[in-house]
Amino acid sequence: MEMDSLKELYQEVILDHSKHPRNFGKPESCDHEAHGYNPLCGDTVNVYVSLKQDGTVLGDLAFDGKGCAISLASASLMTEILKGKTTEEARALFEQFQGLVTGKSETLDAGEETERLMVLAGVKAFPMRVKCATLPWHALQSALDGNNEATTE
Ligand code: ZN
């Protein structure tokens, strides 16, 4: 595929997820939650996690909040991709994702499903936007660590 059409496809995916976020809304109950805030852009996100299998697997994952298209799309994709993954896989993927959006690595080697995160790789050209993309991931990490607040600062 040509770069331009690839870019368009990526933009479409981001727009779709930001307009119709998946797993959006506070669940009736959850095991962990954390509030994330990105002061640079004003994005806020709450991440809700329910664990299963003795706390090792992400059973349910949801979010709500307000923010730019990048932060919403990143949260939406994150919840879709990490549901059913182990907490270790989630942490490992966060590191890889951070490498990707900061330009430290070119690809993710975390399987077919996670290639969908490549749509967000374009933010590496916009340092301000990197924090929009990683905010929901920081919030998830905080939730898993038992902290209720996360910030991109
Ligand atoms: Zn933002």
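This is a predicted model: local features need pLDDT of at least 70, side-chain atom pairs count only at pLDDT 80 or more; totals for chains, interfaces and linings use all residues.

Visitor: Which protein donors does the zinc ion have?
Guide: The donors are Cys41 (SG), Asp43 (OD), Asp43 (OD), Cys68 (SG) and Cys132 (SG), and they lie 2.2 to 2.6 Å from the zinc ion.

Visitor: And how are the donor residues spaced in sequence?
Guide: The spacing of the donor residues is C-x1-D-x24-C-x63-C.

Visitor: Is Asp43 buried or exposed?
Guide: Asp43 counts as buried because its relative accessibility is 1%, under the 20% cut-off. Cys41 counts as partly exposed, with a relative accessibility of 31%.

Visitor: New topic: how do strands S2 and S3 run?
Guide: Strand S2 (residues 43–52) and strand S3 (residues 57–66) run antiparallel, and nine bridges join them. Within this pairing, Val47 has Phe63 in S3 as its bridge partner.

Visitor: What is found between the two strands of the hairpin?
Guide: Four residues lie between S2 and S3, and Gln53 takes a positive phi near 50° in this hairpin.

Visitor: Now Ala75, please. Where is it found?
Guide: Ala75 is part of helix H2, which covers residues 69–82. Ala75 counts as buried because its relative accessibility is 0%.

Visitor: Which residues does Ala75 touch?
Guide: Leaving aside residues up to four places away in sequence, Ala75 touches Val45, Phe63 and Pro136.

Visitor: How far apart are Ala75 and Cys132?
Guide: In sequence, Ala75 and Cys132 are 57 residues apart, while their C-alpha atoms are 9.6 Å apart in space. Cys132 is one of the residues that supply zinc donors.

Conventions:
Residues are numbered from 1 along each chain as its sequence is written. Side-chain values use heavy atoms; hydrogens and water are left out. Buried means under 20% relative accessible area, exposed over 50%, partly exposed in between (1.4 Å probe, protein chains only). Contact means heavy atoms within 4.5 Å. Donors are N, O and S atoms within 2.8 Å of the metal (3.2 Å for Na, K and Ca); water is not among the atoms, so sites may look incomplete. Two strands pair if DSSP finds at least two bridges between them.
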